[in-house]
Amino acid sequence: MNKIFGKIDFLNLLPLHIYLKKYPLPSGLKKATAYKKGVPSKLNRELHYRRIGAAVISSIESRHKGYKKLDIGICAHKKVHSVIIQKGVGDEKDPASATSNMLALVLNQHGKVIIGDKALKLYLQDTNAYTDLCSAWYERTGLPFVFARFCCVSNLPFFKKIFLPFLRRKIFIPRYILDFYASSRQISPAQIKAYLNLIYYKISRKEKKALKLFLNSAQIYLKRSKE
């Protein structure tokens, strides 16, 4: 029974990673989780082929009926700064993301899709050169956006016991961890904390409405890709 949780190696899940680091998991499982990390598109494949048991995967991939889900994800309301379109350049997808590429199509936004910590750094350097796709989604719908959702292939009670308490915790990020990520991402600790204030993890009524709207809107493009 696969209980390995795959980690998205982005700042947006840093509070969850800190929570899991302190959670009393078996040491072997913690080591396996630390090894199984990557960008969203990689974890989509890892979960699809059952090489991991669970992950917070791209919301567009969470539509598959074979997955069991928790109401935990990566959500933002009005703005996110880490899912952006570079203006004035040719259309280009980001190979790290399935949801963001689809969101650009749904919103008819043209340019280069960029996600993650590199996107955050670029956006903070020159906000006028990029479009925040979360902001564009909010302007159209008035809703938040769900970029990713927790899914597993089995062992739902096991994962529920571990992950649901996370939603009720206020996670403190130690200074040494902030400094490490600030150095490795070349984003200041203050900017990291401001960014994390844009992110939340509870998928409630509005988020489910937004996710349903997004998945319904994406259907036309998913059908075209199969033709």
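A salt bridge here is a side-chain nitrogen of Lys or Arg within 4 Å of a carboxyl oxygen of Asp or Glu. Keep that in mind for the close-ups below, which come from a predicted model.

**View 1. Asp9, Asp117 and Arg185 join up in a network of salt bridges.** Within this trio, aspartate 117 and arginine 185 form a salt bridge whose closest N and O atoms sit 2.7 Å apart. The pair links distant parts of the chain, with aspartate 117 in helix α5 (residues 116-125) and arginine 185 in helix α8 (residues 175-185), 68 residues apart. Aspartate 117 has a relative accessibility of 8%, so it counts as buried. Arginine 185 counts as buried too, at 17%.

**View 2. Aspartate 71 and arginine 149 make a salt bridge.** Their closest N and O atoms are 2.7 Å apart. Aspartate 71 belongs to strand β4 and arginine 149 to strand β8, so this pair ties together parts that are 78 residues apart in sequence. How accessible are the two partners, aspartate 71 and arginine 149? Aspartate 71 is partly exposed, with a relative accessible area of 23%, while arginine 149 is buried at 13%.

View 3. Aspartate 179 is partly exposed, at 33% relative accessibility.

**View 4. Six strands line up in an open sheet with mixed pairing.** Reading across, the order goes β2-β1-β3-β8-β4-β9. Which strands are at the edges? They are β2 (37-38) and β9 (199-202), each pairing on one side only. Zoom in on β1 (residues 5-8) and β3 (residues 54-58), and you'll find them paired in the parallel sense over two bridges. Glycine 6 stands opposite alanine 55 of β3.

**View 5. Helices α3 and α7 pack on the sheet.** Helix α3 (residues 40-48) touches β1, β2, β3 and β8 (145-152). The direction of α3 makes about 130° with that of β3. Helix α7 (residues 156-163) touches β1, β3, β4 (68-76) and β8. For α7, the angle with the direction of β4 is about 35°.

Notes
Residues are numbered from 1 along each chain as its sequence is written. This is a predicted model: local features need pLDDT of at least 70, side-chain atom pairs count only at pLDDT 80 or more; totals for chains, interfaces and linings use all residues. Side-chain values use heavy atoms; hydrogens and water are left out. Two strands pair if DSSP finds at least two bridges between them. Helices (H or I, at least four residues) and strands (E, at least two) are DSSP runs, numbered from the N terminus. Contact means heavy atoms within 4.5 Å. Axes are lines fitted to C-alpha atoms, for helices over the stretch in contact, and angles run from 0 to 180 degrees between N-to-C directions. Buried means under 20% relative accessible area, exposed over 50%, partly exposed in between (1.4 Å probe, protein chains only).
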